[in-house]
Amino acid sequence: MNAKFKILDHPADIGIEVHGATFAELFQNAAVALMSIIIDLETVGSMETKLVKISAIDREQLLVKWLSEILYLYDGQDFVSNQFEVKEIDDTSLLANVNGERYSEGKHKTKIDVKAVTYHQLRIEENESNKIATVYFDV
């Protein structure tokens with residue numbers, strides 16, 4: 001499959017189905033998918049890097065906390081991002097670089113306002129060649 005993610009329709013929310021060869025790639029692609037819902041990624045430069053370190057009780061919570069951190073950087077720190085490098089990941093922790101820049105109303109074209117990452121229908125699956133995650137967002 002060439003596409004790393006697809007947007008899923010839902011009556012009240014919006015979701016993503018994400019693919020990756022590794023869990024690091026899966027989490028990176030999930031962050032790109034989230035930001036692509038919020039902003040036109042073509043308008044985002046990579047002027048600054050933020051280090052993100054997260055721990056959780058399991059892989060599903062780790063994914064929710066990771067995406068919630070990306071959302072916090074956008075909403076709480078006016079930081080838009082389009083490049084994500086997961087440097088270390090296991091079932092309960094993640095260390096990553098988030099590359100982007102400060103949000104500028106004149107430069108960045110916003111799309112949909114995502115309020116929160118949810119646990120609704122959250123799933124992470126894996127087979128011998130692919131990891132797949134489904135996540136829904138409150139909009």
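Just after helix α2, D78 takes a positive phi of about 50°. This is a predicted model, where local features need pLDDT of at least 70, side-chain atom pairs count only at pLDDT 80 or more, and totals for chains, interfaces and linings use all residues. Residues are numbered from 1 along each chain as its sequence is written, and side-chain values use heavy atoms, with hydrogens and water left out.

**Helix α2**
- Helix α2 covers residues 59–77, 19 residues in total, and spans 26 Å from first C-alpha to last, close to the 27 Å expected at 1.5 Å a residue (1.5 Å times one less than the number of residues).
- Helices here are DSSP runs of H or I with at least four residues, strands are E runs of at least two, and both are numbered from the N terminus.
- At the start of α2, a side-chain oxygen of D58 comes to within 3.3 Å of the backbone nitrogen of E60.
- Buried residues in α2 include L63, W66, L67 and Y74 (buried is under 20% relative accessible area, with a 1.4 Å probe and protein chains only).

**The core**
- The largest nonpolar core holds 43 residues, and M35, L63, W66, L67 and F137 have the most contacts inside it (a core is a set of buried Ala, Val, Leu, Ile, Met, Phe, Trp, Tyr and Cys residues joined through side-chain atoms within 4.5 Å).
- Helix α1 gives the most to this core, with 11 residues.
- Setting aside residues up to four places away in sequence, L63 touches F27, A30, L122, I124, A133 and V135 (contact is heavy atoms within 4.5 Å).

**A96**
- A96 sits in strand β5 and counts as buried because its relative accessibility is 0%.
- Beyond neighbours within four places in sequence, A96 contacts residues including W66, L51 and V86.

Methods
Buried means under 20% relative accessible area, exposed over 50%, partly exposed in between (1.4 Å probe, protein chains only). A polar contact is a pair of N or O atoms within 3.5 Å; within protein, one must be able to donate a hydrogen and the other to accept it, and residues adjacent in sequence count only if both atoms are side-chain atoms.
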